[in-house]
There are 2 protein chains.
Amino acid sequence: MLSQTTSSVWSGVRETDFEVIAKDVLGRVGRFGTKSGDVETPHLLPVISPRRQVIPPKEMKESFGCDAIITNAYLLKKEPPELTSNVHSFLDFSGVIATDSGAYQILSHGGIDAEPAEIVQFQERVGADIAVILDVPTGDDASREHAEYTVGETLRRADELDKLKTRKDVLWVGPIQGGLHLDLLEESAKAMSRREFDIYAIGSPTRIMEQYLFDKLVDMILTVKQNLPPNKPVHLFGAGHPAMFSLAVALGCDLFDSASYALYARKGRYMTELGTTKLDEMEYFPCSCPQCASHTPRDISSRNNGTREAFLARHNLHACMTEMKRVKEAIVEGRLWELVEARARAHPRLLTGLLHVKPYAKFLERHSPSTKKRGILIYGASSLARPEVERHRLHLRENYRPPQGKNVLVLVPRPGEKPSHTNRAMIEFIERLQVSPAHICLYGYPFGVVPIEIDDVFPLSQFEASPPDEESLQFAGNCLREYLKTHAYKRVVALDPDTETSNVLLQGCKLQCKKSKIPLRTIRVPDQWLEKKQIHTKLIRFIGGTGRRARRLRGMQIHSKNL
Amino acid sequence: MLSQTTSSVWSGVRETDFEVIAKDVLGRVGRFGTKSGDVETPHLLPVISPRRQVIPPKEMKESFGCDAIITNAYLLKKEPPELTSNVHSFLDFSGVIATDSGAYQILSHGGIDAEPAEIVQFQERVGADIAVILDVPTGDDASREHAEYTVGETLRRADELDKLKTRKDVLWVGPIQGGLHLDLLEESAKAMSRREFDIYAIGSPTRIMEQYLFDKLVDMILTVKQNLPPNKPVHLFGAGHPAMFSLAVALGCDLFDSASYALYARKGRYMTELGTTKLDEMEYFPCSCPQCASHTPRDISSRNNGTREAFLARHNLHACMTEMKRVKEAIVEGRLWELVEARARAHPRLLTGLLHVKPYAKFLERHSPSTKKRGILIYGASSLARPEVERHRLHLRENYRPPQGKNVLVLVPRPGEKPSHTNRAMIEFIERLQVSPAHICLYGYPFGVVPIEIDDVFPLSQFEASPPDEESLQFAGNCLREYLKTHAYKRVVALDPDTETSNVLLQGCKLQCKKSKIPLRTIRVPDQWLEKKQIHTKLIRFIGGTGRRARRLRGMQIHSKNL
């Protein structure tokens, strides 16, 4: 069963395998083992403060189904040593406990009073299941010099780990630094991936996310992902708002950690998958969690600070956990991109981030599954970087060859019915041209051009689209032009119903034919042109040319009983 | 308190007032009284079958906070009369009970064995709180003749009501027919609104919604809304999927009724605000409702049919009720349009519907509140029909006048910082031109052009926008052109940073100036142009002309200490 973690057999040695159960875009439902049980990803590790727990860790497991949490090794180390000999007992939590190293404290306080070696040894000693070396975070505003230093020093500390560690049952996290200096980030990812870590982490995005710079976050995540081994989980440090989980997971992040649920609660803020609201300004709880179902905002607003905070922390954690379940279910159903599209309308900057994925479309395509259970949904420009759209574009350019002997391209506007193979009139139309040199290709939005013989290949007929926007029409037009450039047809005949789509697409087609010196004939067609005999006759004349075969073809057609 | 219905004082006469508590777009949180208590809108009346109740009505109230339900008078009438003397006892429900007339059965079975008068009298007798005359539904595929008949016959039956009714404590619903014949729908709405009904209802959209024809649904709702008194609740018959609640409410629907929660459950289908999934294909429940929190899809799949159906019906009803709370909270927060944008990405046809609102922008604007607590979010073409965007466009065209004596239009690209008034360099720039004939207007996306003196008026500086798409740039360009057409400037000076936005907007500006014979000077400006002295000098030369005032102005500027 996917939705419960299965306990693996432990024999003192940690399990390093990351088992991917389901995948969509770069997102994956996966599982890896630790000495305290399995972690199913994608997963948000709620940050537990060693000092003050607004939700007891035990309750996280029992009421929220949360099997893995994270606490701070540096802060834990400040507690009385007699209490912290075992982090599981200290936190009264039998699930998986990750410990962060205190790097975040370096970033916010400029430094900490502990040595990297101490922190490594301490995490081993307290029995953390997942531990992080004390890296040096780059932050979002580092100069190049400082960024270089953070990358180098973090690597040096990564190298030290081998000498320091004594246990084999702790999973170690290798943090990748470089911040917004993408070349350094790439270098860091490459160097870190040559070292043996169980999990890789993307450092320093917290302030970038606080400023809603999701386009920059996309750059950071994808720069790192392109340079990491695909078989390891990737942790995005400090990402804790449900509105952005789906995007980050779709780009390949598996683990998250955040104290947001508690920090927002302290400030009276109520999280939802579409944004954050102040409790004091609310009239209705837009949520069905056990907390919200039995209270109204006014009930809660009038309570004391502690009660309000506890209520909000629980709701916020429910909001995060539920969104993560939505993301997992979307992966299983093959509609993660669709979820990202919906969430990209939680804030314009999230849409900015989604649109920023375009230059990485080829990378996404290469690592995305190629079939799914259901059709895809297209919403214009923001859907163009979808792996399915990119895959068709690349296929036409790099692998596809038109059938032998078919050297006259007949461009037919895509009929409403999909696949066109199931449209009776279209079937007859195709059959009639079988012996001719005509190669029928459907043109339209969003795929640009689809050779008829692959029209039923997923998802070329398995999609639903909203009315095309200008960007998508231009994209489709470019696909068609690129197709004409790649494949050497002798002649092109285009059927033109004079719609917005046909105008944009055929305009590009005309330019390309002129440039490549391919003769082009355009036939203006009415609605229901498939039923019109004169269109067929005209078409056949244009396809045929003047040879013996053409005459035979013409003869066949004109006396055809089918028309 | 908004989130609880207050009990009103009853004295045998029904309350006809519809009190609107909060409003956004055409959506409203409202309240009206019935003899069994108040109904707070927007509200989904779950359909309760008289025969078979998958969720007992009592539980609807206790566990779902649902104070008002609907049952079918025609089907109820088939039950033994001794049981149905009081519908509240029959259903064991003390809240508000609406009864539908059986018109849906006419639509699906072609007719029913009951007379209109019987149905009216029966509804009164059983003590329905809200009742519907037995109208004749048009359906989605009626010929014009049949549609005319349904409109006329429904009106005739509406007229009969006065003679038939004996109670004063029942609220009567006047159904509006005409289906997809919009002129008949308009006629029906006008005629029905001349009759005294407490609630008006839009008939026949069920099949249209089943086919996802949301553009047609938008036409139907807005045709009706434009012809109804604004102070009455409007019921949309048969709308029961949470993905479309926000759109329907934003267009002015207050009441819904649907059996979908139960019908989908019977077919093993799990509803969410983003669509529907088959239970058997699910791995995770993306929901925090009490049902889903404690089970997994595999648990439920393996149970017997009855348990599965009951589970799904409860979850589906939670999904509907929670979405309605989301809609209400969005109205209170003034971000209903934002919720509609997010839901328009639940299916491309919903986006098609939202885009179809554009021709009705003026009507929406007229009836939408003009200020809100927070800034608005802009997502390109789908946001252009927003009342706030339309309001500015109309204001510039119909009411706005540039300040006296300011006859040189200076077009300045909108700086990133908003409002521009708070930008120090911009303030100095404005002050320096105060004595000149220059009228500074900011140009940009999405508003096209904003005269500087109204730049801080909501929401001209209180918005966030994703990168502009082609449609939005064209829209902004048209606003700027229309502005140039409407207002008689002597000269135009445009600062051009040569961005995608400035290219589109200034292109239109050039064409319009040529057409209107207004001299135009363009100054190519670098980034940070506000800090560059030579830009100011050039600008002043272009503004000044050659008169005495111009010389004075030039003198002032060149010796200005500010630069």
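**Note on the chain A and chain B interface**

1. Between chain B and chain A, 20 residue pairs are in polar contact, both partners at pLDDT 80 or more. A polar contact is a pair of N or O atoms within 3.5 Å; within protein, one must be able to donate a hydrogen and the other to accept it, and residues adjacent in sequence count only if both atoms are side-chain atoms. Helix 14 of chain B gives the largest share of chain B's side, eight residues. That side divides into 26 nonpolar, ten polar and 21 charged residues (Asp, Glu, Lys and Arg count as charged; Ala, Val, Leu, Ile, Met, Phe, Trp, Tyr, Cys and Pro as nonpolar; the others, Gly among them, as polar).

2. This is a predicted model: local features need pLDDT of at least 70, and side-chain atom pairs count only at pLDDT 80 or more, while totals for chains, interfaces and linings use all residues. Residues are numbered from 1 along each chain as its sequence is written, chains are lettered from A in the order in which they are written, and side-chain values use heavy atoms, without hydrogens and water.

3. The rule finds four salt bridges across this interface (a side-chain nitrogen of Lys or Arg within 4 Å of a carboxyl oxygen of Asp or Glu). Arg326(B) forms a salt bridge with Glu273(A), with the closest N and O atoms 3.8 Å apart.

4. The contact (heavy atoms within 4.5 Å) takes 57 residues from chain B and 57 from chain A. Tyr284(B), Arg345(B) and Tyr379(B) supply 16% of the area that chain B buries against chain A, more than any other three residues (buried area: accessible area, 1.4 Å probe, that two parts lose on being put together, summed over both).

Methods:
Helix = DSSP H or I, 4+ residues; strand = E, 2+ residues; numbered from the N terminus.
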